[in-house]
Amino acid sequence: MATPKKKYLVGNWKMAPSSIAEAKKLMVATRKKAREYKKVTTIVCPPFPFIQVLNSYITSPLIALGAQDCFHEADGAYTGATSVGMIKSVGTRYVIIGHSNRRDLGDTNEMVAQKVFHARSEGLIPIICVGEKVRDPEGVYLQHLDVQVKTAISKIQKTDVKKVIFAYEPVWAIGAKSAMEPNDVHEAVILIRRSLSKVTSKEIADTVPLLYGGAVGPENTVELMKKGQVQGFLVGRASLDPHAFGLISEYVNNS
Ligand code: PGA
């Protein structure tokens with residue numbers, strides 16, 4: 001199977017750090033490492049209020065900004081919502097969509113599909129998160145994953161699927177002590193590519209970068225990358241520690 005050549009490392013800062021001063025410090029430290037590892041595109045996803053200021057810190061094509069979410073409508077009277085057009089206008093090129101934290105707050109597969117549509121309409125690259133809550137012995141999770149993948153891309157053109165990234169994040173591994181077994185990650189990777197090829201083509205499915213997320217740290221990066229057959233990672237906690245994030249960059253770069 002042909003696999004995509006580009007490698008990605010996404011830092012999802014979630015609701016941290018607590019001030020813009022801290023965010024600037026974290027960005028400077030993250031950027032220093034990102035510049036060293038030339039085979040990896042690092043995508044930093046800070047909270048919305050920090051994005052515009054941090055945009056002036058993007059001085060290398062090896063690092064880019066992403067948002068952690070967007071609203072599922074392009075405009076309208078929605079108190080507290082942030083549209084794709086707004087996040088694009090302050091310098092983001094990527095947007096995480098369908099993270100399990102957002103699904104827990106009410107995002108449905110249909111809303112994920114709408115967000116992906118609006119993101120692509122504005123030319124942003126969606127980083128679409130999919131993943132099961134539990135792995136049941138009957139294998140219902142396989143169908144759950146298939147539906148998540150197919151619905152997420154149901155509102156965009158088939159050829160536009162080349163411009164999305166998928167992140168496989170089993171919900172139970174997010175924030176956990178240890179990551180998923182690399183062989184199980186590989187099984188999910190095969191399944192996601194199969195789902196993508198059913199609704200697009202094998203050729204298109206093989207171009208889509210697939211990342212893994214959930215308790216990724218320097219200690220498990222190499223094995224997950226090699227055995228999991230992923231093109232990089234979506235990292236939560238470890239992205240707030242520049243030393244750990246730098247090591248993950250190094251390992252992704254060299255894998
Ligand atoms: P974690 O988070 O790396 O802290 O497990 C991953 C995520 O929420 O995407």
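Me: Is Cys45 buried or exposed in this model?
Reply: Buried. This is a predicted model, and in it Cys45 has a relative accessible area of 0%.

Me: And Cys129, buried or exposed?
Reply: Cys129 counts as buried too, at 2% relative accessibility.

Me: OK, switching to the ligand. Which residues are around it?
Reply: Lys14, His99, Glu169, Ile174, Gly175, Gly214, Ala215, Leu234, Val235, Gly236 and Arg237.

Me: How does that shell split by class?
Reply: There are 4 nonpolar, 4 polar and 3 charged residues around the ligand.

Me: Which side chains put a polar atom 2.8 Å from a ligand oxygen?
Reply: His99 has a polar side-chain atom 2.8 Å from an oxygen atom of the ligand. Arg237 also has a polar side-chain atom 2.8 Å from a ligand oxygen.

Me: How much of the ligand does the protein cover?
Reply: On its own the ligand has 280 Å² of accessible area, and the protein covers 98% of that.

Me: New topic, aromatics. How many aromatic pairs are there?
Reply: The count comes to 2 aromatic pairs. One of them is Phe71 with Tyr78, whose ring centres are 4.8 Å apart.

Me: Why is the Phe71 and Tyr78 pair called tilted?
Reply: Because the ring planes of Phe71 and Tyr78 are at 45 degrees; planes under 30 degrees apart would count as stacked, and over 60 as edge-to-face.

Me: How accessible are Phe71 and Tyr78?
Reply: Phe71 counts as partly exposed at 22% relative accessibility. Tyr78 is partly exposed as well, with a relative accessible area of 38%.

Me: And what's the geometry for Tyr168 and Tyr212?
Reply: The ring centres of Tyr168 and Tyr212 are 6.4 Å apart and the planes sit at 55 degrees, so this pair is tilted.

Me: Where do those two tyrosines, Tyr168 and Tyr212, lie?
Reply: Tyr168 is in strand β6 (residues 165–168), while Tyr212 is in strand β7 (residues 210–213). The pair therefore ties together parts that are 44 residues apart in sequence.

Me: Are Tyr168 and Tyr212 buried or exposed?
Reply: Both Tyr168 and Tyr212 are buried.

Terms used:
Residues are numbered from 1 along each chain as its sequence is written. This is a predicted model: local features need pLDDT of at least 70, side-chain atom pairs count only at pLDDT 80 or more; totals for chains, interfaces and linings use all residues. Side-chain values use heavy atoms; hydrogens and water are left out. Buried means under 20% relative accessible area, exposed over 50%, partly exposed in between (1.4 Å probe, protein chains only). A residue is near a molecule or strand if one of its heavy atoms lies within 4 Å of it. A polar contact is a pair of N or O atoms within 3.5 Å; within protein, one must be able to donate a hydrogen and the other to accept it, and residues adjacent in sequence count only if both atoms are side-chain atoms. Accessible areas come from the Shrake-Rupley method with a 1.4 Å probe; for residues, only the protein chains shown count as cover. Ala, Val, Leu, Ile, Met, Phe, Trp, Tyr, Cys and Pro count as nonpolar, Asp, Glu, Lys and Arg as charged, and the others, Gly among them, as polar. Rings of Phe, Tyr and Trp (its six-membered ring) pair if their centres lie within 6.5 Å; planes under 30 degrees apart count as stacked, over 60 as edge-to-face and the rest as tilted. Helices (H or I, at least four residues) and strands (E, at least two) are DSSP runs, numbered from the N terminus.
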